[in-house]
Structure formats: C-alpha cells, structure tokens
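Opening the notebook on a new model today.

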Amino acid sequence: MQVRSNANMEIAEASSAPTYSARKLQHVHPFLQRQQPEFERIFEVVDAMPLDDTHCHLVTDRDALTTPKRFLERISLAGYPVPFYFPSGVYEQWLNGDEATRHLLNRQYDIQSKVDEMTYHLSQSVFIKFLTKEMSQFFGCEPTLEAVIEARNDRGRDYWGYVNSLFRDVNYENIIHDTGYMEGVGRAEIETFEKAIEPCRSHRIARIEAIQEELFGLEITFDEFEARYTARLLDIMDGNGNFGKKSVGMKSYLLPDIGLIRPLYDRKTASNSWNRLRKTYSDRALMDREASANITKDLCRYTFTVTLEECLKRDLPMQIHTGDGEAPYVILRNQDPFYLEEVVRFDKNNMLRMPKIIPLHAGYPSVGKASWLSHLYPNCYFELSIMTPFVHQSLYERYKQVLEAVPISKVLFASDSYHVPELFWISGRWGKRYLSQTLTDSLVGGSLTFDEVIEAARMILYKNNRSLYKLD
Ligand SMILES: [Zn+2]
C-alpha cells in the first residue's frame with residue numbers, strides 16, 4: 001500500500017509542476033530509494049540523459065485497445081508466436097472468428113485451453129508482475145494487470161499521444177528500427193509511427209531476409225537472382241529502398257537457421273543451392289525447419305557475404321540475430337554467439353577485414369560468450385536488447401557481467417521493442433536505473449571515478465550509437 005500512496009502523490013505533483021524530485025521518485029522503484037547516496041548522485045544525472053535505441057521494431061495502432069490476456073500474449077516472447085503452435089492460418093481464423101467458428105476450432109485444436117494455459121504462465125512471470133507495478137505508477141492506478149489495462153485502454157483513445165508520452169518520459173532521441181518484422185503492414189504505418197514519436201528521430205535498418213523473401217519464389221536463373229538481389233541491396237543502402245528511406249546498416253537473421261556462419265564466395269555452390277530451392281519450393285511449407293534451412297543454407301551464406309562486403313565498403317554495421325528466442329520456429333541451439341566468429345573475422349587473402357558486427361540481444365542467455373567475443377575482436381560490438389528489459393531487476397548483475405569484459409565504447413543500448421510501446425518505455429526506465437546501480441558499484445569499488453561513471457552512461461545510452469551509425 002505504501003508503494004501506491006507514494007506513487008499517487010508523485011503523479012499529482014508531477015502533473016502540476018514536473019519538478020525533478022517528482023520525476024526522480026517516479027522513476028526509482030521504492031526498493032532503490034534505500035540505496036547508498038552514490039547511487040542517488042549517479043541516477044540523478046543518468047535519468048535525465050537522452051536515450052538511443054539501436055535495435056527495435058515499429059509500433060502500430062492494432063494494440064491501442066487490448067485485454068489483459070491479449071496484452072500478455074503480445075508483450076511476451078513466449079506468447080506472441082502462439083499462432084505457430086497450430087497449422088498455418090488456424091489461430092488467426094480463431095481469433096477473428098465468430099462464436100460458432102471459435103467453437104468449431106476449439107473442438108478441433110483445443111485452442112482456447114492452450115491459450116489459457118500459456119497466458120496463465122505468462123502472467124506468473126516476475127517480469128509481468130514488476131511491469132504491472134511500474135505501469136500502475138505511470139497511470140496512478142491500482143497495481144493489478146486488470147486496472148493497468150483499463151487505464152491503458154482509456155489512454156488508447158489517443159493512442160499515438162500515449163505512445164509519445166512514453167517515449168518522452170524516458171527521453172528517447174534516436175531509434176533504429178528493423179523493417180524486417182512488419183506484421184503485414186507497410187510504408188504508411190512506418191511513417192505514422194515515426195511521426196508519432198517525434199521529436200525522437202527514426203532511422204531504419206533493413207533485413208537480408210526481407211530482400212530474399214521478395215525473390216525466393218521467382219522462377220528465374222541464379223544469375224538473374226543475383227543481379228536482382230544486388231540491385232535491391234544497393235537501393236536500400238544508397239537509395240531509398242527501405243520503405244522510402246536509406247538504411248543505416250543491415251540486419252541478418254541467418255544464425256538461428258544454420259548455426260555457424262561461414263562466409264561463402266563461391267558462386268557455383270550458391271547457384272546449386274538456388275537450383276535445389278527451385279526444385280523444392282512448393283514443398284517448403286510442409287518441410288521441417290531444419291530440412292528447409294539446409295536447402296537454402298549455401299545460398300544464404302552467399303547473400304550474407306555479398307551483403308557484408310557492401311557494408312564493409314561503406315563502413316556500415318551489420319546487426320546479426322544472436323541468442324534470444326522466438327520459439328517455436330527458430331532452432332535455439334544454433335544461436336550461440338561464438339558461431340559468429342568467422343563473420344567477425346571476415347578474413348580473405350590472409351587478412352582480417354574487420355567489418356562492424358553487432359551480435360544482437362546480448363547473446364542472451366549466453367551473455368558471457370557474447371561479451372567475450374566483443375572483448376577479443378575490436379570490430380565486434382555488444383547490444384543490450386531483449387535482456388533489456390526481460391531480465392528486469394537482474395539487469396544490475398547482467399550489466400556488470402557485460403562491463404567486466406566489453407570496452408564501454410562498444411556497448412549499445414537497445415530494447416528490441418515490438419508490438420506494444422510499453423517495451424520501449426520499460427527498457428528505458430529499467431535500463432537507466434539498473435545501469436546506474438551497476439555503475440554505483442564501479443564508483444564505490446574505485447574502478448571508475450564519478451566523471452568516468454557519467455561518461456560511461458552517456459556512451460552506452462546514446463554516444464556510441466551516434467558515432468557508430470554516424471548520426472550526427
Ligand atoms: Zn528484433
């Protein structure tokens with residue numbers, strides 16, 4: 001109860017005159033108000049800092065109105081792939097169907113009870129319980145999921161205004177969003193989102209797999225495929241081929257498909273893989289995920305290599321999906337950060353060429369391996385998303401683990417937000433809070449001075465991002 005009465009007081013104060021102390025109290029969970037004075041000193045500066053998100057996805061208005069169950073499903077990594085647990089199209093039919101359709105599909109596939117079981121477990125995660133408390137502070141409502149969703153739906157009547165208030169609350173100044181995950185929407189929805197979050201500036205990154213998706217179904221020769229792939233790539237990098245804008249880097253999702261990525265320069269091997277794809281294309285939907293990935297493995301190694309060469313020429317970074325989940329359609333065991341060593345090296349003619357590689361998602365849960373790869377190879381960066389925000393309070397320990405090995409100059413803040421804007425907000429809120437807590441240890445332990453702590457936070461939260469992508 002103490003939590004709630006404090007929160008109400010702060011919000012009342014903040015809405016009339018947003019003094020710093022009100023803002024600070026609102027951003028620090030009561031647990032942390034008992035921290036040492038060094039934390040208070042650091043947090044006061046860090047909380048007011050700008051924030052750049054180096055890897056995230058767009059928000060659309062499809063979640064403007066929601067239910068507690070639907071919200072859990074959309075925000076959770078284990079929840080949103082629920083359609084993939086059923087034959088293709090069945091879940092969408094159930095979700096959008098009338099009572100009779102749902103009844104029929106429930107009898108056939110037991111959808112309702114499976115979804116109920118999933119959302120029950122999602123609701124029992126500490127992440128959700130903690131997020132609920134944080135959101136109740138933001139809204140000034142009871143700290144229950146039902147009350148929070150009711151308050152959110154109220155704000156959902158001016159959804160873009162709500163989204164904007166979340167971005168401003170944690171001070172986002174730049175985001176780089178990956179246009180490879182669009183849920184069927186296009187340029188208009190991207191532009192609406194980018195406009196809604198202003199004055200935060202939006203930059204885009206394109207996914208290799210999105211180009212491949214445009215071309216893999218075409219009955220053309222390998223030569224023709226290669227020419228078209230390269231033309232699209234150059235338009236994305238040098239023209240406005242990323243939904244009307246230039247791409248500030250590229251993204252690859254190859255690791256979960258094939259594991260160890262060895263660069264491939266040999267056109268003949270790639271061409272054989274293209275021909276195998278042509279022969280099996282119509283059967284792919286029914287193939288298991290490993291068999292399907294094997295057919296295109298060499299072709300994808302080739303497109304990856306072509307793309308990384310072009311990135312290298314322009315000094316553009318390549319983000320590579322590492323660690324993390326998206327079960328049940330990815331192959332979890334393939335996502336080991338060490339499987340990126342050959343592309344980090346990118347050696348040719350006895351020379352390491354050092355393209356800028358950003359393994360995504362902190363390599364989570366292999367955070368130590370991703371950190372160590374970045375420690376050893378100067379051109380390998382470290383990105384904090386998925387771990388931020390999903391490990392919540394334990395970000396304090398995880399950030400410590402990262403900073404024990406990775407140079408501060410290579411750590412990039414990111415959220416990997418998708419679907420709902422609260423992921424952006426909670427990532428910023430927890431990112432700043434627990435980074436401050438981690439850096440407090442550095443100050444108290446004597447490894448960093450106060451000024452070095454503040455500079456480290458600036459670098460991680462926005463400066464490294466701006467210099468890497470040359471945003472200024
Ligand atoms: Zn992502």
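Before I list any neighbours: I call two residues in contact if their C-beta atoms, placed from the backbone, lie within 7 Å. I also keep in mind that this is a predicted model.

**Entry 1: glycine 249**

I started at glycine 249, which sits in strand β4. What does glycine 249 contact, leaving aside its neighbours within four places in sequence? I found Ile205, Cys311, Leu316, Pro317, Met318, Gln319 and Tyr469. Is glycine 249 buried or exposed? I counted 24 C-beta neighbours inside 10 Å, and the cut-off for buried is 20 or more, so glycine 249 goes down as buried.

**Entry 2: around β4 and β5**

Next I looked at how β4 (residues 247-252) pairs with β5 (residues 318-320). The two strands run parallel and are joined by 3 bridges. I picked out methionine 250, whose bridge partner in β5 is methionine 318. That methionine 318 also turned up among the contacts of glycine 249. Then I looked for what covers this pair, and helix α16 (residues 289-314) lies across β4 and β5. I have α16 running at about 155 degrees to β4.

**Entry 3: the whole sheet**

I stepped back to the sheet itself. In what order do the 6 strands come? I read β1-β2-β3-β4-β5-β8, an open sheet with parallel pairing. The edges are β1 and β8, each of which pairs on one side only. From one strand to the next the twist averages 25 degrees. A reminder to myself: strands of a sheet pair through backbone hydrogen bonds, either parallel or antiparallel.

**Entry 4: the β1 edge**

How many of the 6 residues of β1 (residues 51-56) are buried? I get 6 of the 6, so β1 is largely enclosed by the rest of the structure, even though β1 is an edge strand. Its pairing is with β2 (residues 172-178), through 4 bridges and in parallel. At one spot in that pairing I noted leucine 51 standing opposite tyrosine 172 of β2.

**Entry 5: α21 and α22**

Then I went to the helices. I have α21 (residues 422-445) packing on α22 (residues 450-468) at an angle of about 150 degrees, with the axes 10 Å apart. Angles over 145 count as roughly antiparallel, so I filed α21 and α22 under that heading. The crossing is right-handed. On the α21 side I listed Leu435, Leu439, Ser442 and Leu443, and on the α22 side Phe450, Val453, Ala456, Ala457 and Ile460. By class this contact has 8 nonpolar residues, 1 polar and no charged.

**Entry 6: α12 and α13**

The crossing of α12 past α13 is right-handed. From α12 I have Ile211, Glu214 and Leu215, meeting Phe225, Arg228, Tyr229, Arg232 and Leu233 of α13. I sorted this contact into 5 nonpolar, no polar and 3 charged residues.

Most residues other than glycine have a negative phi, and most peptide bonds are trans. I found another cis bond from threonine 388 to proline 389, with omega near 10 degrees. Proline 389 is in helix α19 (residues 387-390).

For positive phi, I noted asparagine 171 at about 70 degrees, in the loop between α10 (159-170) and β2. With 16 C-beta neighbours inside 10 Å, asparagine 171 counts as partly exposed. Aspartate 416 also has a positive phi, about 55 degrees, and lies in the loop between β11 (411-412) and α21. Here I counted 28 other C-beta atoms within 10 Å, so aspartate 416 is buried.

Notes
Residues are numbered from 1 along each chain as its sequence is written. This is a predicted model: local features need pLDDT of at least 70, side-chain atom pairs count only at pLDDT 80 or more; totals for chains, interfaces and linings use all residues. Axes are lines fitted to C-alpha atoms, for helices over the stretch in contact, and angles run from 0 to 180 degrees between N-to-C directions. Angles under 35 degrees count as roughly parallel, over 145 as roughly antiparallel, 65 to 115 as roughly perpendicular and the rest as oblique. A crossing is left-handed if the near helix is turned anticlockwise from the far one by less than a right angle, and right-handed if clockwise. Ala, Val, Leu, Ile, Met, Phe, Trp, Tyr, Cys and Pro count as nonpolar, Asp, Glu, Lys and Arg as charged, and the others, Gly among them, as polar. A residue is buried if 20 or more other C-beta atoms lie within 10 Å of its own, exposed if 12 or fewer, and partly exposed in between; C-beta atoms are placed from the backbone. Two strands pair if DSSP finds at least two bridges between them.
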